[in-house]
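This report describes a structure by its elements, its pairings and its contacts. The sequence and the model are shown first.

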Amino acid sequence: MRGITRRTFLFLCLVLWAAFFSIPALAAQTEFRFPRPEFSSGYQHKAIHLPPAALTPPWLDVSLLILFLGATTWAVLRRRSRNWVLVLSLASLVYFGFYRQGCVCSVGSVQNVLNAFIGTGEVLTLTVALFFLIPLVTALYFGRVFCASVCPLGAAQEFCAVRPVQVPHAVDTALGMLAYAYLGITVLGIWTGCGFLICRYDPFVGFFRQGGSFNMLLAGGILLASGIFIARPYCRYLCPYGVLLRWASIFARRHASITPAECIQCRLCENACPYNAIIPPAPEQEPEPRSVGMRRLAWLLAAAPVLILVSATIGWTVHPLLSRLHPTVRLAERIAAEEAGTVAGTTIETDAFREGDQTVPSLYAEAHTINRRFKPAGAALGAFLGLALCARLYRLSVLRHEHDYTADKGACLSCARCFKYCPVEENNGQA
Amino acid sequence: MARRKRNPFKTNAYIVRAASAIAVVSGPLCLLISTLLILNYWQVSTLDPLNLPELIQMREQLAASPESAEATIETIRAMDLLARATFFTSQRMLRTGGLIALIAALVFLAALRLALHYTARPPEPAAVGPAPRYWLERGRARELVVFMGGLWLLAALVAAVFTRLDIPIPATEEAAVAVQETGTAPAALVTPDWDTVQRQWPNFRGPGGLGKAYYTTAPVQWDVATGESILWKTEVPVQGFNSPVVWEDRVYLSGADKETREVFCFNAATGELLWRTQVGPPAGVPVELPKVNEDTGYAAPSVAAQGDVVCALFGTGHLACLNKDGVLRWEKFLGVPDNHYGHGSSLIIFERLLLVQYDQRKNGALYAFDLDTGAEAWKQERKHISWASPVLAGTPDSMMLALVSTKNLDVYDPRAGTPLWSVECLSGEVGPSPGYGAGMFFTANDYADGSAIRPPKEASGEPEIVWQFYDSLPDISSPLATDTFFYLLTSRGEIICLRPENGEVAWVHEHENAFFASAILVGDRIYAVDKEGTVLIIKNSDTYEELAALSLGEGAVATPAFLDKRIYARTMNTLVCIGET
């Protein structure tokens with residue numbers, strides 16, 4: 001590049017970047033997105049003072065996300081430093097957690113993206129789209145560095161994991177399926193108009209905001225307390241975004257490795273990972289004749305379509321239960337119970353409904369219409385879970401021949417815990 | 001160059017001791033505060049500070065003996081203040097306690113982490129490597145995944161069997177569910193053919209809304225004062241400016257005020273009120289009321305009936321479809337109309353579709369709802385406001401749905417909602433609906449013009465404005481277009497007869513009273529009701545020939561319904577049936 005230095009070029013890029021994001025951000029601060037309603041009673045709106053966090057320009061969030069991701073990638077892949085990962089986790093927890101109060105967040109952005117395509121079709125803002133995409137793209141190249149120290153939910157749990165124990169591999173694998181169920185239910189929730197379930201049931205946001213529903217605070221407290229021994233339970237067994245990151249991370253070109261050079265099979269890292277993300281070398285001797293394994297795999301592949309179909313059918317039939325996720329169905333059921341006298345008293349929701357213009361029969365009709373929407377949605381959920389189960393069984397049924405202790409690219413959170421257990425020096429491969 | 005690897009497993013007894021001490025203090029402190037917080041939360045959540053038993057008792061006491069009012073009021077105030085103060089103190093305690101618990105938890109975790117960091121032991125691999133466990137663990141994982149999958153399926157099956165929605169199924173919904181689940185249609189609505197429709201009076205201005213009666217036998221002589229040819233006369237319970245609609249043995253009307261919106265059904269033979277059904281929220285429940293002109297009110301749109309159903313729309317935006325026995329089939333709220341005189345467009349039904357012209361200042365729309373289920377069949381955005389009603393012209397195979405607005409005559413395909421053509425021919429605030437006769441639409445509005453518009457002969461063709469008339473024009477009464485003459489009835493009391501071929505005035509009659517109701521062609525006679533309730537019966541010819549001028553007994557603005565030897569007329573307070581016994 002003649003006539004312009006590299007530093008100037010970078011500076012110009014930064015200025016353009018900031019300008020690109022700050023213009024819509026400034027515009028957003030000067031006017032309301034929708035005009036506020038006028039009241040015939042003459043009610044005047046009170047002045048609204050936004051808390052400081054809400055005034056943070058979106059470009060700052062995106063820039064910090066990129067900065068943290070870059071720094072974590074450097075800390076994990078180049079510096080191989082757990083301390084740096086912890087420092088970045090703390091910074092992320094403070095900024096994205098306590099300062100930004102858990103919003104905007106990549107985990108929740110899944111819902112915005114889904115909502116734009118299969119939900120109400122609300123416009124997907126550039127910031128949210130970037131929060132969804134950037135960690136996934138990073139995972140495609142460098143693994144789950146986002147989980148390592150950029151996600152505030154993960155960071156909160158990471159600091160709690162002071163005495164982690166290894167959950168048995170089989171239990172860990174089975175519990176990991178819950179995240180697929182949560183992801184499936186999230187998609188179903190958006191598709192059927194139930195709202196943003198991940199945000200509604202975010203167990204940690206109450207701590208970030210120092211307030212929230214008692215049940216969610218309690219759930220968060222239990223998760224964090226159990227996280228002292230079972231490291232990152234939410235990340236491993238529930239996080240729906242983690243499922244997507246797991247898929248992307250499998251293809252990571254430069255994933256964190258336990259050893260900086262050649263593995264010397266010293267077995268020191270064997271118990272280093274509380275996430276069961278270290279794959280030991282496969283024994284030379286196979287446990288059973290190859291034909292037995294082949295037959296099992298063939299059975300699995302043959303049974304997979306049937307299992308998916310059965311799962312989809314059951315998903316279809318369970319739609320009344322699933323439809324209770326929808327607030328209108330819950331309201332209609334509550335109103336029906338109140339009308340029938342099977343429950344005592346009223347709730348805020350039923351009181352509000354009765355003050356409105358909608359009639360009870362039309363509410364019932366609306367609830368039944370919504371309920372019908374859950375039939376195909378339930379079937380799709382069932383099929384997805386059936387497919388996830390089959391895929392997991394397939395992975396567990398295929399012989400793998402790792403020769404060294406290697407990181408499981410999908411499960412590894414790039415937390416850098418295992419590095420200190422490896423005695424191999426960088427560059428020269430000496431122990 | 002190789003970097004020196006520092007010992008990552010350091011120990012430091014002093015730090016461990018200090019950190020342990022901090023952890024021992026902060027951990028239990030966090031636990032204690034959390035427990036207290038939970039207890040406090042339960043206590044606060046059960047409190048209802050403004051409805052404490054003591055306060056309720058005091059309030060009842062005040063209501064029972066108002067003479068001791070001052071002292072009781074003071075006590076209530078003091079107790080109320082105390083209750084509120086206690087509540088907010090608890091809230092503050094919760095917040096402060098939460099913050100302290102959070103800080104204690106952070107200190108505990110930091111201390112614990114520090115203590116464990118400095119007591120870390122270097123890894124000691126087990127004597128036996130992972131090899132023997134490797135296959136075993138994979139096998140167990142497989143089994144456990146299968147077990148978990150099985151558990152899910154079982155739980156879902158149990159839930160499917162034992163879970164049902166405890167929500168009553170509305171009548172229409174029940175029918176829809178039956179169709180879906182059994183594959184057999186329940187007693188569905190029968191769609192009558194167009195010939196059957198024409199023998200009824202299914203909507204405002206009769207079949208198609210064109211102001212032409214199928215039967216030519218309407219009475220030409222009656223006397224309300226003596227009761228001559230008056231079959232019955234019934235008081236209408238709630239006021240409304242809509243016109244009567246008749247399907248077989250039932251006459252339908254609607255009425256509304258600020259508190260209520262009702263549909264009424266009368267026995268066509270006896271005038272007995274068979275039923276009245278409330279639409280929208282129950283009577284007395286406040287709804288958002290639009291601004292309406294007193295000449296419009298909240299029930300200006302006429303209902304539409306077909307076979308076993310009748311549909312009604314009110315100025316509040318509440319739309320309902322009822323069975324002929326008054327049971328609600330479905331209802332919708334279209335939103336409070338943004339309409340400065342009040343909504344006036346009447347409903348019309350074509351085959352299985354209820355067509356609703358919902359023109360507003362903003363976000364106006366033409367809707368088609370499935371008569372059976374209320375589902376929206378199609379919707380067309382409408383750009384301009386109007387107070388006129390939709391009409392259907394043509395044959396059933398090539399039916400045209402025509403609407404007027406402040407600017408245009410817009411014609412749609414009623415089955416699909418596709419706009420067919422549009423012509424700019426109007427201005428101002430349009431109330432009169434279009435007419436159709438001699439192969440032309442006839443639109444008119446006061447201070448604008450009357451236009452005869454020939455539809456395009458082919459789908460790709462353009463409509464033609466054949467002629468326009470700029471003299472005296474109506475602002476409420478809709479023009480009547482017969483195959484031989486076009487008629488305009490004005491609010492100044494004029495009746496203007498025009499020749500359809502060139503728009504020339506055949507004759508003008510100046511009547512003493514204004515016309516709000518629309519003229520109807522019955523055979524070779526025109527029936528025109530003035531605002532005082534006088535019905536002029538005139539010959540449909542090139543000279544003014546008044547056959548009779550008969551009174552309805554009181555003022556009228558609604559257009560009567562004409563059936564076989566019967567006229568059903570709505571006056572300001574009553575419904576009158578004129579005819580032969």
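With 23 C-beta neighbours inside 10 Å, A:Gly176 counts as buried; the term applies if 20 or more other C-beta atoms lie within 10 Å of a residue's own, while 12 or fewer make it exposed, anything in between is partly exposed, and C-beta atoms are placed from the backbone. A:Gly176 is part of helix H8 of chain A. Helices (H or I, at least four residues) and strands (E, at least two) are DSSP runs, numbered from the N terminus. Leaving aside neighbours within four places in sequence, A:Gly176 is in contact with A:Arg236 and A:Tyr237, where contact is defined as C-beta atoms, placed from the backbone, lying within 7 Å. The C-alpha atoms of A:Gly176 and A:Tyr237 are 4.6 Å apart, although 61 residues separate the two in sequence.

The model is predicted: local features need pLDDT of at least 70, side-chain atom pairs count only at pLDDT 80 or more, and totals for chains, interfaces and linings use all residues. Residues are numbered from 1 along each chain as its sequence is written, and chains are lettered from A and ligands numbered from 1 in the order in which they are written.

**Helix packing in chain A**

Helix H5 (residues 126–142) and helix H13 (residues 240–249) of chain A pack with their axes 7 Å apart and at an angle of about 35°. Axes are lines fitted to C-alpha atoms, for helices over the stretch in contact, and angles run from 0 to 180 degrees between N-to-C directions. H5(A) contributes A:Pro135, A:Leu136, A:Ala139 and A:Leu140 to the contact, and H13(A) contributes A:Leu244, A:Leu245, A:Ala248 and A:Ser249. By class, this contact has 7 nonpolar, 1 polar and no charged residues; Ala, Val, Leu, Ile, Met, Phe, Trp, Tyr, Cys and Pro count as nonpolar, Asp, Glu, Lys and Arg as charged, and the others, Gly among them, as polar.

**The interface**

Between the chains, 58 residues of chain A are in contact with 54 residues of chain B. On the chain A side, the elements that give two or more residues are helices H7 (152–160), H8 (169–191), H11 (214–226), H14 (290–317), H15 (319–323), H16 (327–340) and H18 (360–397). H18(A) gives the most, with 13 residues. The chain A side has 32 nonpolar, 17 polar and 9 charged residues.

**Chain B**

Chain B has 6 helices and 32 strands, and buried residues make up 42% of its 581 residues. Among its contacts between residues at least 6 apart in sequence, 54% join residues at least 24 apart.

Helix H3 (residues 69–117) of chain B has 49 residues, which at 1.5 Å a residue should span 72 Å, and its end C-alpha atoms are 71 Å apart, in agreement. The expected span is 1.5 Å times one less than the number of residues. Buried residues of H3(B) include B:Gly98, B:Phe108, B:Leu109 and B:Leu112. The cover over the buried residues of H3(B) includes H7 of chain A together with helix H1 (13–46) of chain B.

| Strand pair (chain B) | Sense | Bridges |
|---|---|---|
| E7 (residues 309–313) and E8 | antiparallel | 5 bridges |
| E8 and E9 (residues 328–333) | antiparallel | 5 bridges |
| E15 (residues 400–404) and E16 (residues 408–412) | antiparallel | 4 bridges |
| E24 (residues 494–498) and E25 | antiparallel | 5 bridges |

Strand E8 (residues 318–323) of chain B is mostly covered, with 5 of its 6 residues buried. In E8(B), B:Ala320 is the bridge partner of B:Ala312, and B:Glu331 in E9(B) is the bridge partner of B:Ala320. The hairpin of E7(B) and E8(B) has 4 residues between the strands, and B:Gly317 takes a positive phi near 100° there. E8(B) and E9(B) also form a hairpin with 4 residues between them, and B:Gly326 in the turn has a positive phi of about 90°.

An open sheet of 4 strands in chain B runs in the order E14-E15-E16-E17, with antiparallel pairing. Strand E14 (391–393) and strand E17 (419–424) stand at the edges with a single partner strand each, so one side of each is left without a neighbour in the sheet. The twist averages 25° from one strand to the next. B:Leu401 stands opposite B:Tyr412 in E16(B).

Another open sheet of 4 strands in chain B has the order E22-E23-E24-E25, with antiparallel pairing. In E25(B), B:Trp507 stands opposite B:Cys497.

How values were computed: Two residues are in contact if their C-beta atoms, placed from the backbone, lie within 7 Å. Two strands pair if DSSP finds at least two bridges between them.
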